[in-house]
Amino acid sequence: VDPSLGFGFDYDVINAEVLVKGLFVENGKLKLPHGAEYELLVLPPRPDIDLAVLQKVALLVQEGATVVGPKPVRASGYGDHVRRDRAVRELAQKLWGACDGVGVKEHPYGKGKIVWGKSLRELLAERGKGPDFSFHRNAADAMLDFIHRQAGDVDIYFVRNARRRWERGWATFRVSRKAPEL
């Protein structure tokens, strides 16, 4: 994923099967059946893509998703590559339009859009999304990691200290109108 995202943001990696069979859009957010919710779908920086994956990406964007990544130019895999390459190019042209990642960095499609050439941190900031977790400390070399999940209306943060020592500081969580419990 984009290294410029920086500390305080988290992401999950999904495979093609989960993307094609499980991912859907609700209120502009990407969701999975078990409740996980995402702001963006980030495609890998590759020139090829599976045709079924690109078709699902088109459906997700049509329904309101924001998808980030370069325009694919050919199909991945073997067999009937001439037909599949042509289908990928045609669908990618509809989705990306004039978006080239340099002069044009966004292209609307349906209720959503394709973005190419903006950092993920910049894109999330435009959407009003700051870091999900931050830790302000005295020790500059503190190493904390976190995972954030939701269960109904409860936000659960698992914070892990990767150093074998106590850390002191202030933690900030991207939630409102809730009181933390340990």
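Mentor: The discussion below takes up a helix pair and then a sheet. This is a predicted model, in which local features need pLDDT of at least 70, side-chain atom pairs count only at pLDDT 80 or more, and totals for chains, interfaces and linings use all residues. Residues are numbered from 1 along each chain as its sequence is written, and side-chain values use heavy atoms, with hydrogens and water left out.

Trainee: At what angle do helix α2 and helix α3 pack?

Mentor: Axes are lines fitted to C-alpha atoms, for helices over the stretch in contact, and angles run from 0 to 180 degrees between N-to-C directions. Helices (H or I, at least four residues) and strands (E, at least two) are DSSP runs, numbered from the N terminus. Here α2 (residues 51–62) and α3 (residues 81–96) pack at about 20°, their axes 10 Å apart. That makes α2 roughly parallel to α3, a term for angles under 35 degrees.

Trainee: Which residues of α2 meet α3?

Mentor: Contact means heavy atoms within 4.5 Å. Among those in α2 are Leu54 and Val61, which belong to the set meeting α3 residues that include Ala87 and Leu91.

Trainee: What is the strand order of the open sheet?

Mentor: Two strands pair if DSSP finds at least two bridges between them. The open sheet has 4 strands in the order β4-β6-β9-β8, with mixed pairing. Its edge strands, β4 (41–42) and β8 (106–109), each pair on one side only. Strands β6 (residues 66–68) and β9 (residues 112–115) run parallel, joined by 3 bridges; Val67 has Ile114 in β9 as its bridge partner.

Trainee: Which strands does α2 lie across?

Mentor: Helix α2 lies across β4, β6, β8 and β9, running at about 125° to β9.

Methods:
Angles under 35 degrees count as roughly parallel, over 145 as roughly antiparallel, 65 to 115 as roughly perpendicular and the rest as oblique.
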